[in-house]
Each structure stands twice: as structure tokens, then as C-alpha cells.
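Thanks for coming. Please have the sequence and the model open.

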Amino acid sequence: MQDKKSRFDQLTFVRRLEDETNAASLLAWYPCQADAENGFEEASRRGAAYAIEFVQFLRDSMQSGANMLGVIVEHMDHQDKETAGYRVGFFTVMELLLCELSADHIDSFIESIRSAGLL
């Protein structure tokens with residue numbers, strides 16, 4: 001049995017609908033609406049926390065490369081202004097993380113994905 005940190009559906013911002021046996025019942029982006037009621041800044045802080053939680057999940061579960069970030073983005077409602085703060089916070093942290101990691105490791109990373117035939 002997997003522990004909580006290794007299960008994508010246990011992340012704070014992920015929800016399952018009634019039928020838990022169907023993969024289509026997974027909502028990969030379901031932010032807490034109560035935070036949105038507290039304003040854009042609080043939603044942005046929560047979105048940043050979601051990004052950190054997601055990155056820690058990837059690190060701990062060793063499930064990177066499965067396009068989970070793509071699924072999260074696909075499930076976001078980019079037209080919903082009430083949840084914009086979550087998206088801003090989430091992507092701001094993701095960009096900062098990418099910049100921080102790429103500063104020291106981008107060349108070896110590019111070589112690794114070339115070797116794997118992904119570039």
C-alpha cells in the first residue's frame with residue numbers, strides 16, 4: 001500500500017468524485033474555494049503551497065515523467081477569475097524552481113534528455 005506522499009490523488013488540491021474507481025473521476029486541480037474568498041493574495045499563497053507540495057510529491061514518489069503537471073494544467077479553468085490567484089502562485093513557484101535548478105544543472109539535464117532521445 002502506498003503512503004500518502006506517493007499518491008497523486010492525496011495532494012491537497014486534487015479531488016476524486018463519487019466514483020473513485022474511475023480514473024476520469026480525478027480532478028487534478030481543485031483549489032480550496034474558501035481561500036479565494038479571502039482574496040487574490042491568500043489564493044496566491046495557497047497556490048504557491050500547492051506547487052511546493054506537488055514538487056515534494058514528485059521528489060518523494062519518484063513518479064516524475066508521467067505528465068502529471070500537464071494533467072494539472074489541463075484541469076485548470078484558465079477563464080475563472082476567482083481562482084486566478086491559485087494559478088499565479090502555483091506557476092510563480094514552478095518558474096522560480098526551474099530557474100533555481102537550471103542555474104547549476106541545465107547543461108547536464110539537457111545532455112540527459114538528449115541521451116534518452118527526448119530531444
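I begin with Asp-9, which is buried at a relative accessible area of 16%. Buried here means under 20% relative accessible area, exposed means over 50%, and partly exposed is in between, with a 1.4 Å probe and protein chains only. Before going on, the conventions: this is a predicted model, where local features need pLDDT of at least 70, side-chain atom pairs count only at pLDDT 80 or more, and totals for chains, interfaces and linings use all residues. Residues are numbered from 1 along each chain as its sequence is written, and side-chain values use heavy atoms, with hydrogens and water left out.

Back to Asp-9, which lies in the segment before strand 1 (15–16). Helices (H or I, at least four residues) and strands (E, at least two) are DSSP runs, numbered from the N terminus. What do the polar contacts of the Asp-9 side chain look like? One, of 2.7 Å, goes to the side chain of Arg-7, and another, of 3.2 Å, goes to the side chain of Arg-16. A polar contact is a pair of N or O atoms within 3.5 Å; within protein, one must be able to donate a hydrogen and the other to accept it, and residues adjacent in sequence count only if both atoms are side-chain atoms. Not counting residues up to four places away in sequence, Asp-9 touches Val-14, Arg-16 and Leu-26, where contact means heavy atoms within 4.5 Å.

Now the chain as a whole. It has four helices and two strands, in the order β-β-α-α-α-α from the N terminus on. Of its 119 residues, 29% count as buried. The chain exposes about 8,200 Å², and carbon and sulfur atoms supply 54% of that; the areas come from the Shrake-Rupley method with a 1.4 Å probe, and for residues only the protein chains shown count as cover. Among contacts between residues at least 6 apart in sequence, 57% join residues at least 24 apart.

On to helix 2 itself. Its 22 residues reach 31 Å from first C-alpha to last, close to the 32 Å expected at 1.5 Å a residue. The expected span is 1.5 Å times one less than the number of residues. Among its buried residues are Ala-43, Ser-44, Gly-47, Ala-48 and Ala-51. In general, an α-helix has 3.6 residues a turn, so residues three or four places apart point the same way.

Ala-51 counts as buried, at 0% relative accessibility. Ala-51 and Phe-90 are 39 residues apart in sequence, with C-alpha atoms 4.9 Å apart. Beyond four places in sequence, Ala-51 touches Phe-90, Val-93 and Met-94. Ser-44 is also buried, at 18%, and with the same exclusion Ser-44 is in contact with Gly-85, Tyr-86, Val-88 and Gly-89. Val-88 is found in helix 4 and is partly exposed, at 37%.

Last, backbone angles. Most residues other than glycine have a negative phi. Where does Asn-67 lie? It lies in the loop between helix 2 and helix 3, is exposed at 53%, and has a positive phi near 60°.
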